[in-house]
Amino acid sequence: MIRPACLLAFSAALLPATLLFATPSLAQSAEKGKAAFAQCAACHGTKPGEKKMGPTLAGVVGRKAGTLAGLTAPSQALAKFGKTWTAKDLNAFLTAPAKLVPGTRMVIAVPDATRRADIIAYLATLK
Ligand code: HEC
């Protein structure tokens, strides 16, 4: 006989799996973003404390802009911008860095919206 408690445990076990399969597109775009990040990797590390020309992008979503140094200190422009990075602001920044932050030394734009979304999805996975 199946007791109600067993059923409860069974559905509780199923729930995470359902959530996982409900968001395959998210997982995919972060995966594509990881590949697209090759374009950024010359200047940005993905591990905490990693310094290349630019600051590490580990934990960039939710971090205050212009607070971490790469091999050079953050520009005054980026420090002055000083907003906490959200996916929305990162999207604007990667569309046209100098438009959002006039005077930034970050000059690489990603014109393709899908590619930008993939890269930002990947950035969000970097802790
Ligand atoms: C040629 C080197 C170079 C490349 C390539 C590059 N960046 Fe940057 N990036 C920089 C530099 C330098 C800064 C610091 C800018 C400043 O201080 O104004 C920066 C800053 C940033 C910041 C702000 C970080 C912070 O702590 O506020 C983000 C986000 C960023 N870059 C994302 C990217 C992404 C995503 C790519 C790939 C599409 C990329 N960058 C490609 C050099 C680069």
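Trainee: Which protein donors does the iron atom of the ligand have?
Mentor: His44 through NE2 and Met106 through SD, lying 2.0 to 2.2 Å from the iron. Donors here are N, O or S atoms within 2.8 Å of the metal (3.2 Å for Na, K and Ca), with water not among the atoms. Mind that this is a predicted model: local features need pLDDT of at least 70, side-chain atom pairs 80 or more, while totals for chains, interfaces and linings use all residues. Numbering runs from 1 along each chain as its sequence is written, and side-chain values use heavy atoms, without hydrogens or water.

Trainee: Where do histidine 44 and methionine 106 lie?
Mentor: Histidine 44 is in the loop between helix 2 (24–36) and helix 3 (76–81), and methionine 106 is in the loop between helix 5 (97–100) and helix 6 (113–125), so the pair ties together parts 62 residues apart in sequence. Helices are DSSP runs (H or I, at least four residues), numbered from the N terminus.

Trainee: And why is the iron arrangement called octahedral?
Mentor: Because its six donor atoms subtend angles of 87 to 178 degrees. The label needs opposite donors over 155 degrees apart and all others between 65 and 115.

Trainee: New topic: which residues come nearest to the ligand?
Mentor: Cys40, Cys43, His44, Ser75 and Met106, out of 24 around it (a heavy atom within 4 Å). Helix 4 (residues 87–95) gives the most to that shell, three residues.

Trainee: How far is the serine 75 side chain from a ligand oxygen?
Mentor: One of its N or O atoms is 2.4 Å from a ligand oxygen. For arginine 63, the side-chain distance to a ligand oxygen is 2.9 Å.

Definitions and conventions. A polar contact is a pair of N or O atoms within 3.5 Å; within protein, one must be able to donate a hydrogen and the other to accept it, and residues adjacent in sequence count only if both atoms are side-chain atoms. Helices (H or I, at least four residues) and strands (E, at least two) are DSSP runs, numbered from the N terminus. Four donors count as tetrahedral if all angles lie between 85 and 135 degrees; four count as square planar and six as octahedral if opposite donors are over 155 degrees apart and all others between 65 and 115; anything else is irregular.
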